[in-house]
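Dear colleague,

Please find the structure below, followed by an account of what was found in it.

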Amino acid sequence: MDIDNMTNSGDQTAESANTVESVNVVDLRVVGFWTRFWAFIIDLAVITMSSQIFFRVIWPAGLETTTIKSFFLINALFPGIWGSIYFVLLTMYFGQTLGKMIMGIKVVSQDGSPLSWSAVAMREVVGRTLAQLLGTYLGYLICAFHPRKQALTDIIGDTYVVYAGDKKRGKWVQIPVALSANAE
């Protein structure tokens, strides 16, 4: 259905008027690539620093293993687990990570309802795993070219990243959302 043609003019038939009434349009101010990029860099810095602090608290003497094993555990495995927990919990409870808070952006569901655990898990676990596949981060680059500024994480999780309060920045997109029978 064409969003631009969803105005209710006086010459519409009863059938087309019912179609217009059964679809709600949500206007969102979506965030582009560079703002999201800097928020992600801030999040990576927070994850790296906090995981190093936490790791040093757990094992103050360090691991008594080879340098390669120590590097893998300290720099790859531990921040990966901690990073997943960080992204899932902050997105679920606040709709934003610390990087997104600093940049003034947040994650919202596609239909405007509160984020669910399943949407957050799909976005932050499945989506981030695929977006960061083999260390390429190409799944995030999709945002730069997508007409609704969605990265792979957003597409998988049915979410958008929008500006938290400022209505002067970003690109407006209209999302048609079918109304449920309970909403009418």
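Which residues in helix 2 meet which residues in helix 6? Phe-33, Arg-36 and Phe-40 in helix 2 meet Tyr-140, Leu-141, Cys-143 and Ala-144 in helix 6, where contact means heavy atoms within 4.5 Å. These residues comprise six nonpolar, no polar and one charged (Ala, Val, Leu, Ile, Met, Phe, Trp, Tyr, Cys and Pro count as nonpolar, Asp, Glu, Lys and Arg as charged, the others, Gly among them, as polar).

This is a predicted model: local features need pLDDT of at least 70 and side-chain atom pairs pLDDT 80 or more, while totals for chains, interfaces and linings use all residues. Residues are numbered from 1 along each chain as its sequence is written, and side-chain values use heavy atoms, leaving out hydrogens and water.

Eleven aromatic pairs were counted (rings of Phe, Tyr and Trp, the last by its six-membered ring, with centres within 6.5 Å; planes under 30 degrees apart are stacked, over 60 edge-to-face, the rest tilted). Phe-33 and Trp-34 form an edge-to-face pair, with 5.0 Å between centres and 80° between planes. Phe-33 is buried at 19% relative accessible area, whereas Trp-34 is exposed at 56% (buried is under 20%, exposed over 50%, partly exposed in between, with a 1.4 Å probe and protein chains only).

Ring pairs also link Phe-40, Trp-82, Tyr-86, Phe-87, Tyr-137 and Tyr-140 into a cluster. Within it, Tyr-86 and Phe-87 are both buried. The charged end of Arg-128 sits over the ring of Phe-87, 3.8 Å from its centre (CZ of Arg or NZ of Lys within 6 Å of the ring centre and within 35 degrees of the ring normal).

Note on methods. Helices (H or I, at least four residues) and strands (E, at least two) are DSSP runs, numbered from the N terminus.
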